[in-house]
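Subject: A structure to look through

Dear colleague,

Please find the sequence and the structure below, which I am handing over to you together with some notes on what I found.

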Amino acid sequence: MDIVRTVQREYGAVSSEAMDTIARSVGCKRVEVESCATFYAFLSTEKKGEVVVRLCNDIVDQMSGLAEVQQAFEQALGISAGQTSADGAFSLELVPCIGLCDQAPAALINDVPVTNLDADKARKLVAELKGGADPQALIKRLGDGNNASDLVHSMVENNIRRTGPLVFAPVEPGKAIANALALTPQEVIRDAKASRLRGRGGAGFPTGMKWDFTRNAAGPVKTVICNADEGEPGTFKDRVILTERADLVFEGMTVAGYAIGATQGILYLRGEYAYLEEFLNHVLAKRREAGLLGRSIKAHEGFDFDIRIQMGAGAYVCGEETALISSAEGLRGDPKNRPPFPAQKGYLGTPTTVNNVETFCAIARVIEEGAGWFNQIGTEGSPGSKLLSISGDCSRPGVYEVEFGLTVNQMLQMVGASDTQAVLMGGPSGQIIDPTKFDRRIEYDDLATGGAIVIFDTSRNMLAVAEYYMEFFCEESCGYCTPCRAGNELLRRKLQEILAGRGQSEDVDYLTRLGTTIKESSRCGLGQTSPNPVLTTIENFPAIYQTALKPQTSGLLNSFDLSAATGPAAAIAGHKSVHVE
């Protein structure tokens, strides 16, 4: 991964010759290099422009004026999306969510994030770039917090709207590690279990149990991985945590290393956050200098643990833990068969615990303050707090740290939302709920969420929203298993037919049966959740389907266009079909 990313950056493509050279150099088969180079969105076998403009086409960006911004870029660059200029200077691409929904429309120009775009800004950016400006020179205003540091130097805003007692409380580097070292590893795991902390990535698996499985697995080498590949459309909380609380994340990873007996830790950072890499490496270096990483941490003989950063290269499926492990191993991000589970055989065959960014922050606080303190926050079934990434039709988008138990209605009031038609809970792999469910609570036993929340008012077409998310899943599927690869495409096509006025009453049953089949027979979490935009809109918004469906009147299926079907033959014959007339 590091080699092909470097080749891509230096030469604009991973050419056939480069693949041969890489394969010889690292002693692998050429097909392994090619499969990696062709899998990730940020890699290419054909040369890209010296400046690549990656314009985010997430649904929130579309709602915020993306069409005008795209048109301005295309006119100013003289190319359409998906093209490279004839002189090789520029490429323009449309990409899924880049973690900036709270300041959309947004783009990445090479690795530089550019936010709050409009058509005028787009034209001015292109004029500067054509004048020879480096993408870094486009930054005229720095964001808040560490975004303004020399190591980040970004216009991105944190948009922290509400702080809480866990993630955004002050950090004392080394405190959680010192408390952990006063206990045995088994006692640390005991406290993790007693806290009842569940994974904050959405699945909610008990953290202490996962660590216990990993520690007890056979093998002298264990691995800790932090999943910072937050590719779920609508989520950006990890971006903010990594910018403002990197020490807390690394503290939690180090505690995990002590608890499971690991010597190596990996923070897998999504390619869209490459602008944070230098800053995060600086934080790691400072922690090594302070004796919080490396050999004999805090002078504790035998506790050797260090962390490295592994960059991704644009693949949503790598948010699934086994696909992430494949990517960290330098391969294409294919999910692995389970069993064995990562806790038994993960990174390079070692027992591995994979937790997300927010989970490591929470466990550091548990060890700092105690399981009893942690259990007093939130609800009985869902202790602690949760970070929410909130965007869409509201006046105060951003990151909110809330205690579990908040109702959706309370959340909508908090963010300044009105005339709300629907709320996407947990991103497109979660569920889209209607106002009858706005009294439900955000907690594991009611409305579980990894943190991505998008709000839609009554002006939005929810069928079009569902169709967009299905297009996203079709694009991001790794293609390994048929239910996900083919089934999601069939769901998308049927939604397109309905949106075009060619649906019929039987289509709802077809979508339900197909969506259920995909969920039950797909290999990994992507396919097991990808039908949710369709299934949850059918469940919660049946009227929009019924309104869009038309009864058969011609004796032909509504989805069948006789004129289009006979068009080629009519052109040859020189007259229209008598049946069409």
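**A buried threonine in a loop**

Thr 407 has a relative accessible area of 10%, and since anything under 20% counts as buried, Thr 407 is therefore classed as buried. Before going further, please keep in mind that this is a predicted model, and that the values in this email are computed from it. Thr 407 sits in the loop that runs between strand β12 (398-403) and helix α16 (408-415). If we set aside the neighbours within four places in sequence, the residues that Thr 407 touches are Phe 438, Asp 439, Arg 440 and Arg 441.

**A buried serine in a strand**

How many disulfides does the count come to? A pair of cysteine sulfur atoms has to lie within 2.5 Å to be called a disulfide, and by this rule the count comes to 0. Cys 36, for instance, takes part in no disulfide, and the nearest cysteine sulfur, which belongs to Cys 28, is 9.3 Å away. Cys 36 has a relative accessibility of 3%, so it counts as buried. Cys 318 is likewise in no disulfide, with the sulfur of Cys 36 as the nearest cysteine sulfur at 9.4 Å. With a relative accessibility of 0%, Cys 318 also counts as buried.

Gly 330 is found in the loop between helix α13 (321-328) and strand β10 (352-356), and with a relative accessible area of 24% it is partly exposed. The C-alpha atoms of Gly 330 and Ile 109 are separated by 25 Å, while along the chain these two residues are 221 residues apart.

**Backbone features to check**

Most residues other than glycine have a negative phi, and most peptide bonds are trans, so the following places deserve a careful look. The peptide bond from Ala 104 to Pro 105 is cis, with omega near -5 degrees, and Pro 105 is placed in the loop between strands β3 (90-95) and β4 (107-109). The bond from Pro 339 to Pro 340 is cis too, with omega near 0 degrees, and Pro 340 lies in the loop between α13 and β10, where Gly 330 is also found.

Asn 110 is not a glycine, and yet it has a positive phi of about 55 degrees. Its place is in the loop between β4 and β5 (112-114), and at 24% relative accessibility Asn 110 counts as partly exposed. Lys 298, which is not a glycine either, has a positive phi of about 55 degrees; it lies in the loop between α12 (277-289) and β9 (306-311), and it is partly exposed, with a relative accessible area of 40%.

**An exposed aspartate**

Is Asp 87 buried or exposed? At 62% relative accessibility, Asp 87 counts as exposed, and its place is in the loop between β2 (83-84) and β3. The C-alpha atoms of Asp 87 and Gly 302 are separated by 57 Å, and the two residues are 215 residues apart along the chain.

**Two helices packed together**

Finally, please look at helix α18 (residues 482-499) and helix α19 (residues 506-521), which pack at an angle of about 160 degrees with their axes 10 Å apart. Angles over 145 degrees count as roughly antiparallel, and α18 and α19 are therefore roughly antiparallel to each other. In passing α19, α18 makes a left-handed crossing. On the α18 side the contact includes Leu 490, Leu 491 and Leu 495, and on the α19 side the residues include Leu 511, Leu 514 and Ile 518. The residues of this contact between α18 and α19 divide into 10 nonpolar, 4 polar and 2 charged.

Terms used:
Residues are numbered from 1 along each chain as its sequence is written. This is a predicted model: local features need pLDDT of at least 70, side-chain atom pairs count only at pLDDT 80 or more; totals for chains, interfaces and linings use all residues. Side-chain values use heavy atoms; hydrogens and water are left out. Axes are lines fitted to C-alpha atoms, for helices over the stretch in contact, and angles run from 0 to 180 degrees between N-to-C directions. Helices (H or I, at least four residues) and strands (E, at least two) are DSSP runs, numbered from the N terminus. Angles under 35 degrees count as roughly parallel, over 145 as roughly antiparallel, 65 to 115 as roughly perpendicular and the rest as oblique. A crossing is left-handed if the near helix is turned anticlockwise from the far one by less than a right angle, and right-handed if clockwise. Contact means heavy atoms within 4.5 Å. Ala, Val, Leu, Ile, Met, Phe, Trp, Tyr, Cys and Pro count as nonpolar, Asp, Glu, Lys and Arg as charged, and the others, Gly among them, as polar. Buried means under 20% relative accessible area, exposed over 50%, partly exposed in between (1.4 Å probe, protein chains only).
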